Amino acid sequence: MIVESDFSGIVEIQNSVRISGKEDRIIIDGITEGYVWIYDINGVLVKTLPATGERMEIRLQERGIYLVKYAGRTVKVKI
């Protein structure tokens, strides 16, 4: 499932998960279990990280649009 955003860089899914883009990183709050996968706009896997339940700041080398996949959801984020 793909959840679209308005490209403001901030997406809120459910009450407990917050995903945003800032400068050269994606910031994720509230994912407590499983893994987080980050893909570039071409669908190439960029990073895979275990969910910590805490704030995650994932630094990326290039600005652009990324897809963040977690718990059966996919969110589009612009940095």
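Analyst: Let's start with Arg 25, which counts as buried because its relative accessibility is 14%, below the 20% cut-off. Please keep in mind that this is a predicted model. The side chain of Arg 25 meets that of Glu 23 in a salt bridge, with 3.9 Å from N to O.

Next comes Asp 24, whose side chain forms a salt bridge with that of Arg 59 at 2.8 Å, N to O. This pair links distant parts of the chain, 35 residues apart. Arg 59 belongs to strand β7, which covers residues 56-59, while Asp 24 sits in the loop between β3 (17-22) and β4 (25-29). How accessible are the two partners? Arg 59 counts as exposed because its relative accessibility is 52%, and exposed means over 50%. Asp 24, at 24%, counts as partly exposed.

Now to Asp 29, which pairs with Arg 55 in a salt bridge; their closest N and O atoms are 3.6 Å apart. Here too, distant parts of the chain are linked: Asp 29 is in strand β4, and Arg 55 is in the loop between β6 (45-50) and β7, 26 residues away. With a relative accessible area of 23%, Asp 29 is partly exposed.

What ties these pairs together? Side chains of opposite charge can pair when their charged atoms come close. In this model, Glu 23, Asp 24, Arg 25, Asp 29, Arg 55, Glu 57 and Arg 59 are linked in a network of salt bridges. A search of the whole structure finds six salt bridges, and those described above are among them.

The whole structure has one aromatic pair. It is formed by Tyr 35 and Trp 37, with ring centres 6.2 Å apart and planes at 35°, so the pair is tilted. Tyr 35 is partly exposed, with a relative accessible area of 44%, and Trp 37 is also partly exposed, at 28%.

Note on methods: Residues numbered from 1 in each chain as written. Predicted model: local features only at pLDDT ≥ 70, side-chain atom pairs only at ≥ 80, totals over all residues. Heavy atoms only, no water. Salt bridge = Lys/Arg side-chain N within 4 Å of Asp/Glu carboxyl O. Buried < 20%, exposed > 50% of the residue type's maximum accessible area, 1.4 Å probe, protein only. Helix = DSSP H or I, 4+ residues; strand = E, 2+ residues; numbered from the N terminus. Phe/Tyr/Trp six-rings, centres within 6.5 Å; stacked < 30°, edge-to-face > 60°.
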